[in-house]
Structure formats: structure tokens, C-alpha cells
Amino acid sequence: LIQILFEVIVMALLSKKHAAFYGSTNGPIGLTLDEDNTRSFASSARAELKDEAGVSRNWSDLTRDGSKQHKGGKPLITATVTRPTPILSWQKLSVKIADKDKKVMSLLQNVSGVLLAGEIVAILGPSGAGKTTLLDSILGMQPRQAVRTGTVRCWSVDADLVREIRPGYEGVIRDIDANVRNIGYISQHDIFHEMLTVEEHLQYQVLLRRPDITNISAADGIIRGILEDLSLVPCSTSLIANISGGERRRVSVATELISDPAFLLCDEITTGLDMYQALQLVRCLKALKKTGVLCSIHQPPTQVYSLFTRSMFMVGGRLVSEGSPSQVLKHFKDVGYECPATSNPADFVIQILSAGSISDVPYQRFLQNVENVYENSASKNITNFLIEIQAKTMNRSKVEGKLKKLSVWKEWELLVKRSLKYTSRDKVYKRIRVVQVVFISTILGLLYLKTEPTNVQNIMGSLFFLLINISFSGLFATLQTFPNELPIFRREYKGKVVRVGPYYMAKTLSEVPFYLIYPTLYVVIAFFLVGYSVSTEKFFMYWFLMLLSYHTSLSLGYLISAATPSAEAANAIGLPIGVTIFLFAGYFITVPTIPKALRWLVYLSYMFYGFQGVVYNEFNNVVFSNCTFNCSDWISGQQVLRNYGFDGKSVLTTDILVLLLMMVLLRLCGYFVLKRTA
């Protein structure tokens, strides 16, 4: 209570100095950024551009001067933003990476550009031009070993100013909010939990991305509008596994629109779609007046290309031309390449850019000529001006706020519910697992049916066989858990939708009900068929030890799964590790006879502790009577335990504690490995 009271007082004091911005995107209310870095409401007004002497400058003055006027390294432009419109800019972005021979390659070379809310801009070029690299570098998602240089800014400029220099601009009045996700990203591949319906998927995304939405009914209002805008209402109740490629692409768009981002970056947005689906999708994106869309696209048809506000053409990591479709064609016309009236403009330009090799001197000279034309064009001047005015606006303002997130427990609760929903729908797999467990345990029970207690060899063999089956089924049940879901998890993690801790806890704990049923079926069927020592205490101890061994196997499977990039790699690594643990379990060779150099492996084998525990539970304090087989060899259970090296005062307690410790440590290691993998 004291802490809450203190925070209320502090917030009240701060609110006098920094007024919070709560504007409606439907009205003319804007944001003023003054010399004191404060925010206050302002009525609709034109933006004035002034130099350091206070003399008003208009756009024509700036274009003549080239917007490169600096004094002491500072821009001459200042701005008052009264009708904010978001702008995303990137300036001189470069990405370099070293290959195996430590030779440095440039994936991106000094690329600059801007994206305004309400625009839809295409990035085009031949394969390997750097389209995806540009999108990744804007988001800071370049490979870990790559080095990125340059500046990316996400802030607002004045909408009236933009309309003056870009006639026809239709962006709405809204501001960048430091408390929300301003940039959404759609990857080249549509990856979802396919056993959820479209509506269910979007419901969970709303609840995870929007902390202000706390129930399904409130989420449905947002979802309904998005489904209607993207024409997804007819398939909203269908499983994602059963919808078409075009619908899946639109579901990806809908997922990102939930956060109401100012900008949306899309990689190869029309790949795999026919012309009709591509046209329908781009039309949906163009209708997003509140959101700026930047997307890489591969050879769009003429009808699709004509929908883009602007296009950027890249080759070899360089931006060679940018502007409206007509401006781009003019750039190439100025260097001697005129597009025929019947040709697709995008195909025409890409064909020219693909005609040579970067290493050819004539081709390099041609690219340089195209770049020179673009550098001296009006579209380049406008880009430079917007980057400079945005930089000055940000320098004069104070960006405050922290991305709002759900509490850890609320996030965990949602992830558990989501995981339970889609795993419970895989009924075929669940039925197969139950049939598998019943079949193996029944075969085991019939093979060792009503074994005499004095038949030690058969009793030991049945215990070990059951333990091995339980352990290996647990290990291989979880080896593919994270490789199968890693693309989904990485997308949500990088988008700050989920955190590693809640996701890992939800994934490992949501499957516990199923992982209690399977070993219990094993134990119940085999225990009564084989005829082990029948007592309530021994039965529950036997069940508990098998359950611990099973869940320790699950923990090892989670660790291997988190450390490997694919299901194939997980299986390849899991098998030799499982076999090693199996060999040192203490059945095929007793501990005292293992070479000293390898004996330490026994104590890393959780199967050893499980096997030792069930054997101790079976034979401790047992005196054989009515002996009919090998009576001279086995007189009591204690003799059996001594022979295998399993005797001791606190063997059972040690086995239980070690199995619990191993289970917890392996789970923790799996968490830290997954966090690093993410």
C-alpha cells in the first residue's frame, strides 16, 4: 500500500510537467513538441519550417538548397508538429557479414528511405538483391554474426507538411505511442498452430498483445472488424490447417493488425498465391489508411504493381531507384531504357537489373548511372527532407514510455489454455499413444504372467523392461516439442508477444495431465499381471518411482529439444544419449564390475536410480518361502540387493531425491537453452 501511494504521488507530480497524450485518430487533435520537451494538446495548424535565424522556409527553398545545409553539424530545420502522422525512416543502413574464409561480404550498402502511415511501398529486385535483409535490418533482426550500421527512426512529422510535398497523401492523423508496438512484421512463411480455428487464433493473439483487453467478449469486437476488413469471415470457424494459402496470408496480416501498428513490414507477401489472391491481398493492405505497409514482392503482375504508392528497386544490396511507378520508369528512361507501353513495368525494370553481373565493369557503370539519376531526383530530395525533419523533431522531443505487457502469470495462463486447446484436438495421436501403452504393458504382463517371487531373473527382467519402455517413451515424446514450434515461438518472442519463461512453463506443464496417464497405465496393467509383491505401500512406491523416471526422461527430452534446430537433429542426438543412459542403468553389468574410468557415468544415468529404486522396493525385507527355483542361490531379498550393489540403509530416499533433483535441473537447463536459442 505504501509503494502504491508513493507511485501515485510521483505520477501526479510528473503529470504536471509532462502531459500525457490521449488523442483520437478521428479528430484534428495533434501533438506539440516545444523547447522544454513537453507534450501538450494543440489545435489544428500548419507546420512552420524555420532556420536558426527564425526565417520561415518553404518546401521550394529546401529543394533548391538540397536539404543538406548544416552549421556545426546540426540541421537548420526545426519543426512544430500539430497534426502528427507517423514516419518510419532508415538512413545509410549497411549490413556486413564474414563467410567461413573470414571474407567480409556486404549484404546491404548505405540504403536510405522513408515510409509514411497510409502508404503501401514495394521492394523489388532480382534474387539476392537484399530485399529481406533490408526488412530484417530495419527491425534489428539481422543474423547474430552480422554487423549493422545506420539509423532507424520511428516518430511523427506534420501531416500537412507531408501533403504539401506529396500531393494526394491520405494518411490519417495519429501519433507514435511509445507504449505500444508500432511496427508489425509478417515473415515469408505463414506459421500457426494449425489445430486452432482462425477465430480462436486471433482471440489468443488479442489477449496476449493487448493488455487492456481482459476477456473474450471484448476481444471479439476487435476481431470481427479485422475479419470483415480482410474478408476472412467465411473461414473464421475453420481450422487453420484447412484454409487456403491466400486465407493463411490474410490471417498473418490480421494477426499483426491486432496491435494496431503504425507500420507493417511484409516479406514476400504474395509468394505462393495466384494473381487473384495476390490482387485481393494487396487491395486489403492498400485499404489500411492508418498503417504504412512496406513489403518485398517478387515479380508482381501489372494490376498488383499499379496498387503500390511507391516502389524501391534493389540489386546487390544497393538501392538504385525509388519513387512512384512513373518516376521509376523516368529514371531508367533517362539512362536509355524506355519501357514499352505493353510491358509490365516491374518485370521490365527487374529484367534490366538482372542482365549483368555485379563484377562486370560495364554493368557497374550502368548501375552507377541509374543511381546518379535517382540521387538527383525529386523523390530522393523528398526522402532526404523527411529524414532530416523527423530527426530534428525527435531531437527536440522526449520519447517516454515502456511497452505494456501482461503479467507473467496472466501470460502463462493464456498460453496454457492455448496449448491445451490445440494439443487436445490431436485425438488420433492421443489414441495411438494409449493403444501403444496398453499393448506393450499387456504383452509384458502376459510374458511374465504371475512370476514366482523366487524367480529373480524374470522379476528383474520385467522391472527393467518396463522402466526402459517408460523412460524411452518419455524421452522421444518430447524430443520434437520445440523444433516443431520454434518458428512460431521465435516470431512471437521477437514480436514481444510472449516471454521465454511463461512459454516454457506453459509448454511443459500443459502436457502434464497426459504424462500422468501414460505411465500410470503402464504400471497398473503390468503390476497386477506380473504379480509383484502385492501391498498398497509397495504399489504406490513402485508407481511413484516409475512416474519420476518418466518425468526425468521428459525433462531430458525438453533440454535436447530446446538445444536442437530441427526434429531430425533432436532424434539423432537423443538416441545415443538414451542408449548410454540405458547401458549404465545397472542391469546388464553391476556397478562394481564397471571400469573405474567409466563408473562416473552410472551416477549421471537417471535410469540407474529408477532401476535401483524399483528393485529395492520389490526385494527389500523379502524372505523367500516355498522355494521351487534356484533355492540354494537366493535365500532372501537382501541377498539379491547385495548381489546387484543396491543394498543400503537409505537407498530408496537417495533414489527419489536424486531423480527429483535431476528432473528440476534438466528443466532449468532446458529453459536457459531455449532462452539462448530464442
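The chat below goes through this structure topic by topic.

Q: What kind of model is this, and how many helices and strands are in the protein chain?
A: This is a predicted model, and the secondary structure of its protein chain comes to 25 helices and 15 strands.

Q: Okay, and what share of the residues is buried?
A: Of the 678 residues in the protein chain, 51% are buried.

Q: Which residues have the most contacts inside the largest nonpolar core?
A: That core has 137 residues, and those with the most contacts inside it are Phe313, Leu353, Tyr542, Phe611, Val615 and Leu674. Apart from this core lies another one, of 26 residues, which includes Leu88, Leu115, Leu135 and Tyr185.

Q: Going back to Leu353, what does it touch?
A: Leaving aside residues up to four places away in sequence, Leu353 touches Pro126, Phe313, Met314, Val315, Val320, Phe332, Tyr363, Phe366 and Leu367.

Q: New topic: how many salt bridges does the structure hold?
A: The structure holds 17 salt bridges. In one of them the side chains of Arg310 and Glu322 meet, at 2.4 Å from N to O; Arg310 is in strand 14 and Glu322 is in strand 15, 12 residues apart.

Q: Are Arg310 and Glu322 buried or exposed?
A: Arg310 counts as buried because its relative accessible area is 5%, which falls under the 20% cut-off, and Glu322 is buried as well, with a relative accessible area of 3%. Together with Glu119, Arg310 and Glu322 are linked in a network of salt bridges.

Q: What does Glu411 pair with?
A: The side chain of Glu411 meets that of Arg499 in a salt bridge of 2.8 Å, N to O. Glu411 lies in helix 14 and Arg499 in the loop between helix 17 and helix 18, so this pair ties together parts that are 88 residues apart in sequence. Glu411 is buried, at 2% relative accessibility, whereas Arg499 is partly exposed, at 22%.

Q: Last one: how do strand 7 and strand 8 run?
A: Strand 7 and strand 8 run antiparallel and are joined by nine bridges, and one of the bridge partners is Ser106 in strand 8, which pairs with Lys96. Their hairpin has five residues between the strands, and Lys102 there takes a positive phi near 60°.

Technical notes:
Residues are numbered from 1 along each chain as its sequence is written. This is a predicted model: local features need pLDDT of at least 70, side-chain atom pairs count only at pLDDT 80 or more; totals for chains, interfaces and linings use all residues. Side-chain values use heavy atoms; hydrogens and water are left out. Two strands pair if DSSP finds at least two bridges between them. Helices (H or I, at least four residues) and strands (E, at least two) are DSSP runs, numbered from the N terminus. A nonpolar core is a set of buried Ala, Val, Leu, Ile, Met, Phe, Trp, Tyr and Cys residues joined through side-chain atoms within 4.5 Å. Buried means under 20% relative accessible area, exposed over 50%, partly exposed in between (1.4 Å probe, protein chains only). Contact means heavy atoms within 4.5 Å. A salt bridge is a side-chain nitrogen of Lys or Arg within 4 Å of a carboxyl oxygen of Asp or Glu.
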